[in-house]
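Colleague: Before I use this model, I would like to hear the grounds for the labels you put on it. Can we take them one at a time?

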Amino acid sequence: MISRRKFVQKTATGSAALIVGGMILPKWGFANSLGANDQINIAVIGIRSRAKALIKGIHAYAGAKVIYNCDVDDLIIEEHNTWCEKNIGYIPQVQKDFRKILEDKDIDAIVIATPDHLHAPIAIMALQAGKHVYVEKPCSHNLHENELLVAAQKKYGKKVQMGTQQRSAETSILAVKEINEGIIGNVFKGEAYYTNNRASIGKGKKIPVPSTLDWDLWQGTAPRQAYRDNVHPYNWHWFRDWGTGEVHNNGTHEIDICRWALGVDTPESVTSFGGKYTYDDDWEFPDNQQVTYQFKDDKFITWTGHSRGMLKPNRPGRGATIYGSRGSIMLSRNDYQLFDLDGKLIKTELEESKSATTDTTGEGVLDISHIANFLDSIKTDTKLHAPIADASISTMLCHLGNIAQNVNRSIKIDAQSGKIIKDKEAMSFWKREYEPGWEPKL
């Protein structure tokens with residue numbers, strides 16, 4: 001693998017540099033050896049926060065350009081236009097309805113950073129329209145959509161990458177390579193965690209829909225509800241109709257790293273403990289949760305999600321630790337630390353620039369790397385770091401964690417199909433109810 005430093009030197013174009021995480025990055029990519037007609041035209045759907053990090057990634061890639069910004073809220077569009085002019089030097093075209101963008105045959109790829117309930121439906125429609133797709137985690141709102149999205153990618157043959165950007169971290173790639181070579185012996189456990197102290201979201205009041213917001217289009221696939229004052233633009237994460245809880249919002253990243261490092265796919269059983277302990281508000285998911293995934297060969301992964309109340313003793317806001325018979329490895333977006341069985345630090349590998357870990361944008365050099373990998377794959381068929389066939393398995397684990405919590409018991413999983421075994425109640429969570437006319441189909 002070419003180091004990021006060498007890659008940047010090799011592909012520098014002399015165009016305006018981009019500053020990410022304090023690191024000045026020239027544009028990179030393969031455009032220098034290709035003609036102008038090889039530009040990848042991109043539409044970004046959902047532009048409030050996370051999209052800004054992704055747009056910087058696109059802008060850092062020679063041979064790709066954001067043609068459309070798409071959002072259903074005029075205030076977000078107005079703010080984002082100002083941000084674009086300042087940070088990438090131009091304002092892309094604006095479209096509020098993503099379906100009109102999919103009709104544009106000049107658009108090659110779609111980047112999706114909407115609320116969770118629209119991730120898979122938009123991705124499937126984009127594939128049907130002949131577009132490549134970069135979809136933020138989680139790639140689906142439910143396990144039915146998970147299956148549909150994987151099937152759609154196979155049917156239409158386009159590139160689909162999920163936004164688990166740590167898969168593109170050089171230090172994590174190195175750590176997994178060394179784990180496979182036996183640096184910590186036989187690995188058996190992955191410990192994933194996230195900690196924050198999120199405030200109460202209160203109890204929402206029904207109010208008129210803001211004149212700047214297309215509430216019907218925002219709801220999309222979800223059954224229609226009256227507008228409330230504590231949902232948009234962020235707190236939808238904690239409502240089941242639109243969000244998927246902390247195990248998806250942040251756990252997808254660390255659970256994915258543990259699964260990658262342990263070399264496991266579908267679990268044999270899933271158990272979840274926890275609940276909502278902190279505030280009497282509209283939050284519909286656990287605010288503290290512990291999930292255990294048991295795999296074959298006595299391997300297991302634990303997820304500890306502390307949405308409200310910081311983990312003690314003090315730890316970074318998020319991380320993953322891989323345990324083996326001869327030591328352990330701690331992995332984050334910014335480093336790799338190797339320890340022996342006594343807990344003595346043996347070595348540390350650092351990323352060349354830091355990424356944010358607990359804010360809502362999550363900006364960092366890994367977005368540059370992960371977007372570049374996606375665009376390289378479109379141009380030169382480079383292997384994706386988080387192809388949807390694999391990334392969807394990590395998403396599946398998170399869904400299963402929520403389902404085990406919902407039914408308040410361990411659930412058994414068929415290793416081949418991923419289906420829940422002999423549990424009608426648990427399987428009732430496999431698919432959601434859809435607004436008529438909005439159910440995704442192949």
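Colleague: What makes the meeting of the K177 and E181 side chains a salt bridge?

Modeller: The side chains of K177 and E181 come to 2.7 Å, N to O. A salt bridge needs a side-chain nitrogen of Lys or Arg within 4 Å of a carboxyl oxygen of Asp or Glu, so the pair qualifies. The model is predicted: local features need pLDDT of at least 70, side-chain atom pairs count only at pLDDT 80 or more, and totals for chains, interfaces and linings use all residues. Residues are numbered from 1 along each chain as its sequence is written, and side-chain values use heavy atoms, with hydrogens and water left out.

Colleague: Are K177 and E181 buried, partly exposed or exposed, and how do you know?

Modeller: Buried means under 20% relative accessible area, exposed over 50%, and partly exposed in between (1.4 Å probe, protein chains only). K177 has 47% and is therefore partly exposed, while E181 has 55% and is therefore exposed.

Colleague: How many salt bridges does the structure hold?

Modeller: There are 27 salt bridges. One of them joins the side chains of D381 and K159, at 2.4 Å from N to O. This pair links distant parts of the chain, 222 residues apart: D381 is in the loop between α11 (365-380) and α12 (388-407), and K159 is in the loop between α6 and β8 (160-162). Helices (H or I, at least four residues) and strands (E, at least two) are DSSP runs, numbered from the N terminus.

Colleague: How far apart are the closest N and O atoms of K203 and D280?

Modeller: The distance is 3.3 Å, and K203 and D280 form a salt bridge. Here too the pair links distant parts of the chain: K203 is in the loop between β9 (187-195) and α8 (215-219), D280 is in the loop between β10 (269-275) and β11 (288-294), and 77 residues separate them. D280 is at 63% relative accessibility and therefore counts as exposed. Elsewhere, salt bridges that share partners join R167, D256, R259, D265 and D390 into one network.

Colleague: Why are helices α5 and α6 described as roughly parallel?

Modeller: The axes of α5 (residues 119-128) and α6 (residues 143-156) cross at roughly 15° and come within 10 Å. Angles under 35 degrees count as roughly parallel, over 145 as roughly antiparallel, 65 to 115 as roughly perpendicular and the rest as oblique. The two helices are therefore roughly parallel to each other.

Colleague: Which residues of α5 and α6 meet?

Modeller: From α5 they are A120, P121, A123, I124, L127 and Q128, and from α6 they are E145, L148, L149, A152, Q153 and Y156. Contact means heavy atoms within 4.5 Å. The residues divide into nine nonpolar, two polar and one charged. Ala, Val, Leu, Ile, Met, Phe, Trp, Tyr, Cys and Pro count as nonpolar, Asp, Glu, Lys and Arg as charged, and the others, Gly among them, as polar.

Colleague: At what angle do the axes of α10 and α12 cross?

Modeller: The angle is roughly 115°, and the axes of α10 (residues 251-262) and α12 come within 9 Å. G251, T252, I255, D256 and R259 in α10 meet D390, I393, S394, T395, L397 and C398 in α12. That contact divides into four nonpolar, four polar and three charged residues.

Colleague: How do you know whether S328 is buried or exposed?

Modeller: S328 has a relative accessible area of 11%, so it is buried. S328 lies in strand β14 (residues 327-331). Leaving aside neighbours within four places in sequence, S328 is in contact with I184, T321, I322, Y323, Q337, L338 and F339.

Colleague: And what is the relative accessibility of S269?

Modeller: S269 is at 13% and therefore counts as buried. S269 lies in strand β10. Not counting residues up to four places away in sequence, S269 touches T292, Y293, Q294, I411, K412 and I413.

Terms used. Axes fitted to C-alpha atoms, helices over the stretch in contact; angles between N-to-C directions.
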